[in-house]
Amino acid sequence: MADLLVMYNHPSDPITFDRHYQTTHTALVKRIPGLRAFITSHGAIATPQGRAPYHLIARLEFASMADLQAGVSSPEGQAAVADLSTFAHAGADIVMFETCET
């Protein structure tokens, strides 16, 4: 398994961010080939020290790193990536990693 984790910084206008994320971006992400699961945070995000610097965290799960890379490289994946510039003005941290059960 492989995951892509997107950690969105706090936007200056959370209402507009959330509206675009829910009505436009989510539909684009769900079209990415090979996507097995799409999970997002709900509510405040915290660290052991207090408030996290993130407004929303999304986890995209794929069967393998090859599937993840192919999905992101596909036209559907590129459409989702391109959409980031339309609403994630505060930026986002994106990481990809293979997973295993321990």
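1. D3 stands opposite E61 in β5. On the other strand named here, D3 stands opposite F97 in β6. The residue belongs to strand β1. These remarks concern a predicted model, and each should be read with that in mind.

2. D3 counts as buried because its relative accessible area is 5%, against a cut-off of under 20% for burial. Its side chain makes a polar contact of 3.2 Å with the side chain of R59. With neighbours within four places in sequence left aside, the contacts of D3 are R59, L60, E61, L68, V95, M96, F97 and T99.

3. The sheet may be described next. Its 4 strands form an open arrangement in the order β2-β5-β1-β6, and the pairing is antiparallel. At the edges are β2 and β6 (residues 92-98), each of which pairs on one side only. Direction ignored, neighbouring strands of this sheet are turned against each other by 15 degrees on average.

4. How much of β1 is buried? Of its 8 residues, 7 are buried, so the strand is largely enclosed by the rest of the structure. V6, also in β1, illustrates the point: it is classed as buried because its relative accessible area is 7%, under the 20% limit. Not counting residues up to four places away in sequence, V6 touches L56, I57 and A58, as well as A92, D93 and I94. The C-alpha atoms of V6 and A58 are 5.1 Å apart in space, although the two residues are 52 apart in sequence.

5. Helix α1 spans residues 14-30 and has a kink of about 45 degrees centred on Y21. The helix lies across β1, β2 and β5, and runs at about 5 degrees to β5. Its buried residues are F17, H20, Y21, H25, T26, L28 and V29.

6. In soluble globular proteins, nonpolar side chains tend to be buried together. In this model the largest nonpolar core has 20 residues, and those with the most contacts inside it are Y8, F17, Y21, A58, L60 and F87. The elements that give two or more residues to this core are β1, α1, β5, α2 (65-73) and α3. A second, separate core has 5 residues, including L5, M7, A52 and Y54.

7. Which residues does F87 contact, leaving aside its neighbours within four places in sequence? They are Y8, F17, H20, Y21 and H25.

Terms used:
Residues numbered from 1 in each chain as written. Predicted model: local features only at pLDDT ≥ 70, side-chain atom pairs only at ≥ 80, totals over all residues. Heavy atoms only, no water. Bend = angle between axes of the 7 residues up to and from the residue. Buried < 20%, exposed > 50% of the residue type's maximum accessible area, 1.4 Å probe, protein only. Pairing = 2+ DSSP bridges. Axes fitted to C-alpha atoms, helices over the stretch in contact; angles between N-to-C directions. Contact = heavy atoms within 4.5 Å. Polar contact = N/O pair within 3.5 Å; in protein donor to acceptor, adjacent residues only side chain to side chain. Core = buried A, V, L, I, M, F, W, Y, C linked by side-chain atoms within 4.5 Å.
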